[in-house]
Amino acid sequence: MKTIICISIILVSQSIFAARVKAVKGPRVLLEMESESELKSGDELITLDANQKKRAVIKVEQVRGMKATAGTLKGQADVGYTTTARAKPAAEKAKPKKEEPEDASNDDDGFKTKRKKSHIGFFGSVNQVNMSVLIANAAGNVTANLTGSSFGISGFYDREWSSFFAIRLLGGFDQINGTGHLPAETPYCSNTTDCTFAVTYLSLYAVGRFYFQPRNNQYWAGPVFGFLTAMSKSSTVLDTAQISTNQVYGGAIGANFALSPKTQFPVSIEYGAFPSSSTVKASILTIRAGWAKSF
């Protein structure tokens with residue numbers, strides 16, 4: 001009887017202390033093993049604190065000698081935590097199932113945390129505008145090409161509808177301006193050779209985001225639609241009375257880089273075109289970077 005108890009204690013000890021957390025950087029975890037070949041790629045482990053409470057679920061990604069790297073699936077690991085093998089649910093053992101998407105979660109590990117499906121945050125942005133304006137008056141026709149860089153700020157809300165699709169809603173202020181130089185002084189652009197415009201918009205955007213892969217770091221692409229309302233405006237080349245509301249249609253690519261289980265560093269590059277007319281054509285390239293929190 002004593003022999004059986006001793007063997008059980010040894011097996012439990014080996015299971016619990018298979019590896020120890022040596023370092024943590026965001027969702028990445030570095031493990032240190034007591035001997036080689038304790039772990040293999042794909043193993044799922046539970047990290048335990050000093051009181052043997054479950055703190056995180058991690059998945060081994062690479063094993064090299066006495067060390068292994070893992071990604072965090074749930075919770076938050078910390079340096080010094082020990083690990084134990086994650087037990088599979090009874091239903092999974094009895095019947096093989098297709099792997100669940102990353103946003104699904106099981107409660108058998110005692111965790112209440114799940115993949116966060118909603119995010120709020122803010123962006124700072126740089127806007128690059130290109131515009132061509134055909135000017136026609138008694139002196140004849142001339143085309144003014146205007147370019148300019150400006151800045152914007154916005155807040156946003158993300159909603160993930162599945163592991164592969166999300167919608168982003170943004171609201172903020174964007175300044176759009178540009179200048180163009182004509183070769184000689186003419187009656188155009190208020191009798192100067194410098195054609196200018198500057199508009200501050202209250203902007204609302206909707207972005208459809210399709211993920212390339214549902215991981216901690218998310219890479220995506222999708223369409224963009226924007227509705228702009230002019231708040232202030234001045235121009236020597238455009239009729240400011242005609243500047244009130246505008247729309248932008250285009251596409252975007254971007255990424256959400258995980259800083260921690262609840263925070264992200266989102267970036268995006270958006271290209272949009274304004275509806276053109278017989279005299280004005282314009283496009284805008286926007287680069288955004290910001291911070292987001294999950295809830």
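The structure is a predicted model, in which local features need pLDDT of at least 70 and side-chain atom pairs count only at pLDDT 80 or more, while totals for chains, interfaces and linings use all residues. Residues are numbered from 1 along each chain as its sequence is written, and side-chain values use heavy atoms, with hydrogens and water left out.

Let's begin with confidence. The predictor's confidence in each residue is called pLDDT and runs from 0 to 100. The protein averages a pLDDT of 83, and 81% of the residues score at least 70. Over residues 1-16, however, the pLDDT is below 50, and this stretch has eight contacts in the model beyond near neighbours in sequence. A contact here means heavy atoms within 4.5 Å. Residues 99-114 also stay under 50 in pLDDT, and for them the model has 31 contacts beyond four places in sequence.

Now for the overall build. The protein has three helices and 14 strands; helices (H or I, at least four residues) and strands (E, at least two) are DSSP runs, numbered from the N terminus. How much of the protein is buried? Of its 295 residues, 37% are buried, where buried means under 20% relative accessible area, exposed means over 50%, and partly exposed lies in between (1.4 Å probe, protein chains only). The protein exposes about 16,400 Å², and carbon and sulfur atoms supply 59% of that area. Accessible areas come from the Shrake-Rupley method with a 1.4 Å probe, and for residues, only the protein chains shown count as cover. Among contacts between residues at least 6 apart in sequence, 61% join residues at least 24 apart.

Next come the empty spaces. Rolling a probe the size of a water molecule over the atoms shows where empty space is left. On a 1 Å grid over the protein atoms alone, a cavity is a set of points where a 1.4 Å probe fits but cannot get out, while a pocket is an open set with protein on both sides within 12 Å along at least five of seven lines; lining residues have an atom within 4 Å of a point. Grid points are joined across faces, edges and corners, and a volume is the space filled by probe spheres set on the points.

The second largest pocket has a volume of about 490 Å³. Its lining has 24 residues, of which L238, Q242, I243, N246 and V280 lie nearest the centre. The elements giving two or more residues to this lining are β7 (118-137), β10 (194-213), β12 (245-260) and β14 (280-294). By class, the lining of this pocket has 14 nonpolar, eight polar and two charged residues. Here Ala, Val, Leu, Ile, Met, Phe, Trp, Tyr, Cys and Pro count as nonpolar, Asp, Glu, Lys and Arg as charged, and the others, Gly among them, as polar.

How many cavities of 30 Å³ or more does a search of the whole structure find? It finds two. The largest cavity has a volume of about 50 Å³, and its lining is made of Y205, V224, V248, E270, Y271, G272, I284 and T286. Two or more residues of that lining come from each of β13 (263-273) and β14, with β13 giving the most, three residues. The second largest cavity, with a volume of about 30 Å³, is lined by N127, D174, I176, Y205, I284, T286 and R288. In this second lining, β14 gives the most, with three residues.

Finally, meet some single residues. Most residues other than glycine have a negative phi. Q52 has a positive phi of about 65° although it is not a glycine. You can find Q52 in the loop between β3 (44-48) and β4 (54-64), where Q52 is partly exposed, with a relative accessible area of 38%. A50 lies in the loop between β3 and β4 and is exposed, with a relative accessible area of 77%. By contrast, G75 in strand β5 (residues 67-75) is buried, with a relative accessible area of 19%.

S235 belongs to strand β11 (residues 218-235). Leaving aside residues up to four places away in sequence, S235 touches T196, F197 and T240. S235 and T179 are 56 residues apart in sequence and 9.6 Å apart in space, C-alpha to C-alpha.
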